[in-house]
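Visitor: Hi! I'd like to learn how to read a protein structure. Could you walk me through one?

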Amino acid sequence: MHTQMSDAELIELLRQDDQAAMREIFERYWKKLFSVALNRLAVPEQAEECVLDVLISVWERRNNLSLKHTLATYLAVAVKYRAIRILAKEYQKGLQNTVELKAYELYGYDVSSVDEYILEKELMETLETAVKQLPEKCRLIYRMSSEQGMSYKEIAEKLNLSEKTVQAHLTKATKTLRSDLRKQYPTFLISVVITSLHQLL
């Protein structure tokens with residue numbers, strides 16, 4: 001029965017503690033989310049853990065779950081944010097003492113807090129604002145790639161464009177976003193955030 005339900009119906013049942021609804025969401029989105037996570041983390045075990053963490057969080061927060069966008073978009077973005085935490089921790093561990101000192105001297109904060117820093121609501125809101133200011137076609141293609149995890153080929157087929165055209169739009173989008181964010185945030189933080197949201201950078 002649950003396999004025939006819409007995402008909205010599943011979410012409503014989820015709020016009623018329906019475990020079968022959670023299983024259906026798991027079955028419906030596992031492969032897609034795993035692909036998104038693996039594309040950014042490259043390590044299957046990390047990707048699996050990333051997706052599981054997100055899905056477990058959805059179940060734990062089921063009674064207060066509020067979606068502004070589709071469930072697919074919500075889950076994809078949640079996986080990307082979780083991937084950001086993982087990448088940030090790895091980035092932090094790999095820093096040499098000289099780099100840590102330089103970051104502190106230049107930007108006035110300890111690199112040890114980088115994962116919390118890049119997840120600050122202000123940075124994410126700034127990124128979203130910058131995305132909204134992209135040209136319409138550029139913005140659409142960027143969202144299809146970063147939020148829905150679609151490949152060049154999938155986007156090209158969906159919009160009846162060549163893959164080179166899709167790549168050109170994505171290159172323009174990511175360069176523009178990096179330029180906009182650089183006005184407010186350190187370069188290395190921008191690289192961690194946007195690279196995890198899109199593989200072009």
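Visitor: In what order do the elements of the protein run from the N terminus on?

Guide: They go α-α-α-α-α-α-α-α-α-α-α. That makes eleven helices and zero strands. Helices (H or I, at least four residues) and strands (E, at least two) are DSSP runs, numbered from the N terminus. Bear in mind that this is a predicted model, where local features need pLDDT of at least 70 and side-chain atom pairs count only at pLDDT 80 or more, while totals for chains, interfaces and linings use all residues. Residues are numbered from 1 along each chain as its sequence is written, and side-chain values use heavy atoms, with hydrogens and water left out.

Visitor: What share of the residues of the protein count as buried?

Guide: Of its 201 residues, 39% do. Buried means under 20% relative accessible area, exposed means over 50%, and partly exposed is in between (1.4 Å probe, protein chains only).

Visitor: How do I read a pair of packed helices?

Guide: Two packed helices are described by the angle between their axes and the distance between the axes. Take helix α1 (residues 7-14) and helix α2 (residues 19-41): their axes come within 8 Å and cross at roughly 140°. The axes are lines fitted to C-alpha atoms, for helices over the stretch in contact, and angles run from 0 to 180 degrees between N-to-C directions.

Visitor: What do we call the way α1 and α2 lie to each other?

Guide: With that angle, α1 and α2 are oblique to each other. Angles under 35 degrees count as roughly parallel, over 145 as roughly antiparallel, 65 to 115 as roughly perpendicular and the rest as oblique.

Visitor: Which residues make the contact between α1 and α2?

Guide: On the α1 side there are D7, L10, I11, L13 and L14, and α2 brings A21, M22, E24, I25, R28 and Y29. Contact here means heavy atoms within 4.5 Å. Those residues divide into eight nonpolar, no polar and three charged. For that sorting, Ala, Val, Leu, Ile, Met, Phe, Trp, Tyr, Cys and Pro count as nonpolar, Asp, Glu, Lys and Arg as charged, and the others, Gly among them, as polar.

Visitor: At what angle do α8 and α10 pack?

Guide: Helix α8 (residues 136-146) and α10 pack at about 90°, with their axes 9 Å apart. They are therefore roughly perpendicular to each other. In α8, the residues K137, C138, I141, Y142 and S145 meet V166, H169, L170, K172, A173, T174 and L177 in α10. This contact has seven nonpolar, three polar and two charged residues.

Visitor: Is A83 buried or exposed?

Guide: A83 is buried, and its relative accessible area is 0%. You'll find A83 in helix α4 (residues 71-94). Leaving aside neighbours within four places in sequence, A83 is in contact with L41 and C50. There's also L38, 45 residues from A83 along the chain, and the C-alpha atoms of the two are separated by 9.3 Å.

Visitor: What should I look for in phi angles?

Guide: Most residues other than glycine have a negative phi. Now look at A42, which has a positive phi of about 70° although it is not a glycine. A42 lies in the loop between α2 and α3 (44-60), and at 62% relative accessibility A42 counts as exposed.

Visitor: Where is N160 found?

Guide: N160 is in the loop between α9 (152-159) and α10 (163-182). N160 has a positive phi of about 60°, though it is not a glycine. At 71% relative accessibility, N160 counts as exposed.
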